[in-house]
Amino acid sequence: MSFCPHHLLRSRLSAGLQQRLHLGQWNRYRASAPRARYFVDDASKSNVASPREIEAFGHGLNASSASRDAVRESDQLQRPPTFESSSTPDQTHDIDPQTDDPSGSPVSQDDSAHIAPTESSTLRQARSAAPILSLSRRRTAVKRGLRPRIVYNTLTVINGEKTPKQRLVSEEAIELEKSIRAKSLFYDGNEVRSWRVGCTELYKAKYYGRKAREELVPSKLTREDTKLLEKINADCLGEFREAWEALDKNAKADHWKRLSLWLLQHSPQKALEFLLVTSQSPDKPVFLMVSDCLLYLEAFLSQELKGKKVGSHTYDSVIETCLDPHTWPVLFLPQKGVRLYLKKAKRASVYHAYKLAYQRRAHLKAETFLCFMRRFIEFRDIDSAIKVLERLQRLRQHEFSLNSDGVMRHCCKLLLLDSVVDGPNGRNFRILPRLLELGVRPDRDMMNVVLSNAFKTGDPQLGLDMLDFMTSQGLEPDSYTYLTLLSDAVSRGDRERVQSLVQEIKSRGDLQKNPWIASKMFHAHFVFTAKHADSDADLNSIFYSMLDMYNQLHDITPLKELSIIPPEYTPPPGGGDLPPSPVALYLMIATYLRCQKRIFHAQRIYSKYRSLVLSGHETIAPLAATDHTYNEFLVAFRNDPRGLRPSVRLVEDMLQSATEASTEGQETAITPAKPTVRTWTLLLSAFVFNRQPLAAEKVREMMAKHGVEYNMVTWNIIINGYANAQNIPEVANTIKAMEDQGFSIDAYTMKCLRYLRDPERLWVAVEELDKSSETGLQKTDSTSDVSDIEEEKLSGSEDFLDQGLQRLRERMEPKL
């Protein structure tokens, strides 16, 4: 999962530890602007309140530059790409291998002290009088009655001008910052910078595949370090925890900085346990240093550590514990550590972190706000996501306006949750008007999402109106637009519309070669030829029609391996040679099974398919990730009594594969699909259609065992089976149970009830069940009346049967 688009600036903010200037270095600005020195939120001289407390500095600054001369990459390698999570290429959680920080700091620095923006009136005078905040003389500023200010290097846009972000710091914020630092281990600023030089060197060495430089990463441990290391290897959560808690605060700080780097380099799995134990101590490590360690593990070892258990903790919960929001600094907060926490935290923890950061007025950048927005979208919390967007708008950070690429991308994700609601002014979208009120200007990507939402309302005219609006605004349809239009036309069965769109796409060569468009056109051809083929259609012609279109796009080797086509088959020249997508391969399997009606063909193909999936075939194995292919085999099996055993074996194969995958607990490229409600319903229908009621009851028991909830199709299949057996009491019981689950009789249910020889008896049975439920009596025993069912067909006209069913439906409508 990724939180920030690849365009976005990564977090430059570190953890409440500000880095000193080069001695005697000044920064120059235009003559009209007031002058101020930079300081960055990297490492302060101390991470706790010193005896001099926190004060504000003037023009004199005495800071050591001993650790400013860190060794750079001698080979001057190009900066490596950022590291992302597995789901999208947007957010980075890595330690930057090369930064402008001479110490090679893993967290880049863009939040430094800067000049104050040009302002007017009282506000400008107050801000110009306020001293720029450092961590050495802030107390005297408070005593003089002046609120210190922080000038970050983050740029904001005010009245069209880019100015550094400023913050007037209250005494409460200073006290809170001091309180947080007092609970963490004490380090001199040089110690923190030296440690971060080593951490970054480990990151570079891991990335470039070389050895870490010993002059930057000390590998020697003291005798006491070695004793603690032995306890870590033997019993980190027990023996080491006891030994760690017995140490005083200074000793913990001394051991932590050496052991953390040694474990990252030599035993990263033990490093995770070490971070958990030390973060649970009353004397907590510095948040910045902990986040750097976890960012290293996330960048290089996340796949190995995901399945690791640390006591009762998982990998994600270890990160959630170590980066607890209560330990977040207020004034200088490392944004990458926060984003890593948000990526791993559970729903309740994300909400708590957001509330706590808001109450403390913690410094958050636009990228981090987008992380919160992304998680709220995942939680389908529309209101919270929009509130984050409002705060992002007030932030006015440069390159993160509401119409910037990154923010617009998140707005598109938010619009995927949009729906039509009834309001005082009629029907309208729920989310889109609120985004427009904020000032979001829709681009083509956003309009494509709106177009898709319009078609989802079931009103194709609304979708066409949105398409006309797009073209009138000069937004040319792209592949996503045509994909939406094709999907709508196929779902409505509008063949003429599909043909018209296909002609438009063929006139644009770039779109015709798009793999998504080609796959959708192939699907449309399947729907209008194989899926809804006429009973008198030539099935061989249908199959070869699909095969010809397949040949134009993909390689036919997988079809030969499945024995769908003979090995000696040679495709016509000029065909495609790309590996087929799972969708294309599924469509060809489905076409073959629908066109070849003999049961032994389906059994042969399934045997080949199952063996190739188990062997991990590169092209065919991905089909097992969904239930679609399995369901097609079930449809082919249920048409013949000889297919009942293969049907049961197929479901057992799905259950066994899913169980083995979950038991092994290993991350694999393909996760086998479990039987879905559709799969179980098809298995149930196989026994119902072949008049095997006892076996059908066994299937229902298995569904209950696996916690499968019925859908409307399942209920209709059950009613169909009882109606065919003339089991009126069970039909009545099933209808009542269906009602209790919130379903109502539909056209298919009425069609099933036409099989009843005496619909009036069903009406009476339903009335009795109503009375029984009203008086609290138990339901009628369904088996007591089975022997009383009449076997002979009752006389009467077809009109009488229709009238009885109609009365039943009218009787039950008030209850639905």
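Contact is defined here as heavy atoms within 4.5 Å. Helices (H or I, at least four residues) and strands (E, at least two) are DSSP runs, numbered from the N terminus. The structure is a predicted model, in which local features need pLDDT of at least 70 and side-chain atom pairs count only at pLDDT 80 or more, while totals for chains, interfaces and linings use all residues. Residues are numbered from 1 along each chain as its sequence is written, and side-chain values use heavy atoms, with hydrogens and water left out.

Helix 13 covers residues 382-395. The expected span of a helix is 1.5 Å times one less than its number of residues. For the 14 residues of helix 13 this gives 20 Å, and the end C-alpha atoms are 20 Å apart, in agreement. Burial is assigned from relative accessible area (buried under 20%, exposed over 50%, partly exposed in between; 1.4 Å probe, protein chains only). In helix 13 the buried residues are Ile382, Ser384, Ala385, Ile386, Val388, Leu389, Arg391, Leu392 and Leu395. Their cover includes strand 3 (149-158) and strand 4 (161-168), together with helix 11 (347-360), helix 12 (366-378), helix 14 (405-415) and helix 15 (432-438).

Most residues other than glycine have a negative phi. Arg380, in the loop between helix 12 and helix 13, has a positive phi near 60°; this residue is exposed, at a relative accessible area of 60%. Arg396, which follows helix 13, has a positive phi near 55°. Glu399 lies in the loop between helix 13 and helix 14 and has a positive phi near 70°. Glu399 is partly exposed, with a relative accessible area of 47%.

Helix 24 (residues 582-595) also has 14 residues, and the distance from its first C-alpha to its last is 20 Å, close to the 20 Å expected. Eleven of these 14 residues are buried, so helix 24 is largely enclosed by the rest of the structure. The buried set runs from Ala584 through Leu585, Tyr586, Leu587, Met588, Ile589, Ala590, Thr591, Tyr592 and Leu593, and also contains Cys595. Among the elements that cover these residues are helix 21 (515-531), helix 22 (539-551), helix 23 (557-561), helix 25 (599-614) and helix 26 (628-637).

Over residues 711-745 the chain is 74% helix and 0% strand, with the end C-alpha atoms 12 Å apart.
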